[in-house]
Amino acid sequence: MMARAIQLAWRGRFSTHPNPRVGCVICQGDAVVGEGWHERAGEPHAEVHALRAAGERARGATAYVTLEPCSHYGRTPPCADALVSAGVSRVVVAMIDPNPSVAGAGLHRLREAGIEVVEGVLAAEAEILNPGYLYRMRRGRPFFRVKVAASLDGRTAMASGESQWITGPAARRDVQRLRAMSDAILTGVGTILADDPSLTVRPDEMGDLHDAVPPGPQPQRIILDTQLRTPPTARVLGNGPVVIFCGETMASSDAAHELTARGARIQPLPLMAGRLALPAVARAIAEAGINEVLVEAGPTLAGAAVSANLVDEFWLYQAPVFLGSDGRPTVTLPLSRMAERKFWKVRERRQFGDDLRLILTPDAADA
């Protein structure tokens, strides 16, 4: 039953952020009488959907929930109270919510009402549902994925910067799904100036989503731009929320006023050696309630994220082509000795048309 609740939670993978993905199944004995999942932030949580489906059959039933029911008033009432009012006799949870507003209080509320509580069922599988939410609550920073499309010789573009298209349509559809799964897309001003990308999710290019809830609003776009060189005419502006991190001296500049007029939010940060410090950027992003960040940037920013140990997953789409030795690399890393090399583990391999997608994680021994 918990496995089914986890399966349901995945249906909200494109639509719940910044809230966690949660599923719920309600049973009378072995019979499922109600099930639900959190579909969108601000709307009813998984438990409420499942209780509505169960109706009076929820009385005396067991509820299986992938994350501890909330116990506080946010945009919706507490789910723990909803379970108590419905008269369930037993609640099985996969994991405790690390959010300080919950953190065991939901389970305490259930036990106070005389409801039997069981914890830790399929906890590891439930953790996979919400890496960004858990990172933000436990570590004070989001979960970062770097996405790179590269050739067989490790090039992401020709020397001229030309890069469309390295990979085929199937891989590009998968990238759209990856964008839709992200709270925010992070890039550098160099990419904005060179490619003028919109960095939007295009649902019509995502392919078959099966039973997933369609994507919600566009992910926030985040631009690292120390000197505010982003043109007010950039395509990234005007298609959803945009935040531009810059140096403190640029906060009241003419460029800041022009970009603000185009809908961007300017967020100044102190500079270190003339650059934005990525750990400080990560903290500021987390404070904005962002869980999962997709980095779509050039080799300099991608390499800086790797060097700062901020890359939790590296998504490499490798195409069966050569772009030549003068092309641009996947990441720029100032390594000169074999002892400095960075090790990664291949967590998943998958084919998309002729292209190979590798999902890599940092080697713990190398951290």
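Mentor: Let's start with a term: a salt bridge is a side-chain nitrogen of Lys or Arg within 4 Å of a carboxyl oxygen of Asp or Glu. Keep in mind that this is a predicted model, where local features need pLDDT of at least 70, side-chain atom pairs count only at pLDDT 80 or more, and totals for chains, interfaces and linings use all residues. Residues are numbered from 1 along each chain as its sequence is written, and side-chain values use heavy atoms, with hydrogens and water left out.

Trainee: Thanks! What makes R11 and D211 a salt bridge?

Mentor: Their closest N and O atoms are 3.0 Å apart, and the cut-off is 4 Å, so the pair qualifies. R11 sits in the loop between α1 and β1 (23–28), while D211 is in the loop between α8 (189–195) and β9 (220–224), 200 residues apart. Helices (H or I, at least four residues) and strands (E, at least two) are DSSP runs, numbered from the N terminus.

Trainee: Why is R11 called buried?

Mentor: Buried means under 20% relative accessible area, exposed over 50%, and partly exposed in between (1.4 Å probe, protein chains only). R11 has 16%, so R11 is buried. D211, at 41%, falls in between and therefore counts as partly exposed.

Trainee: How many salt bridges does the rule give?

Mentor: The count comes to 18. R21, R145, E292, E313 and R347 are linked in a network of them.

Trainee: Why does N99 count as buried?

Mentor: Its relative accessibility is 14%, and the limit is 20%, so N99 is buried. N99 lies in the loop between β4 (90–93) and α4 (105–112). Leaving out residues up to four places away in sequence, N99 touches Y133 and M137, where contact means heavy atoms within 4.5 Å.

Trainee: What makes a nonpolar core?

Mentor: A set of buried Ala, Val, Leu, Ile, Met, Phe, Trp, Tyr and Cys residues joined through side-chain atoms within 4.5 Å. The largest one here has 40 residues, of which I26, V91 and L110 touch the most other members. Helix α1 (residues 2–9) supplies the largest share of this core, five residues. Apart from it lies another core, of 31 residues, among them I222, I285, F314 and L358.
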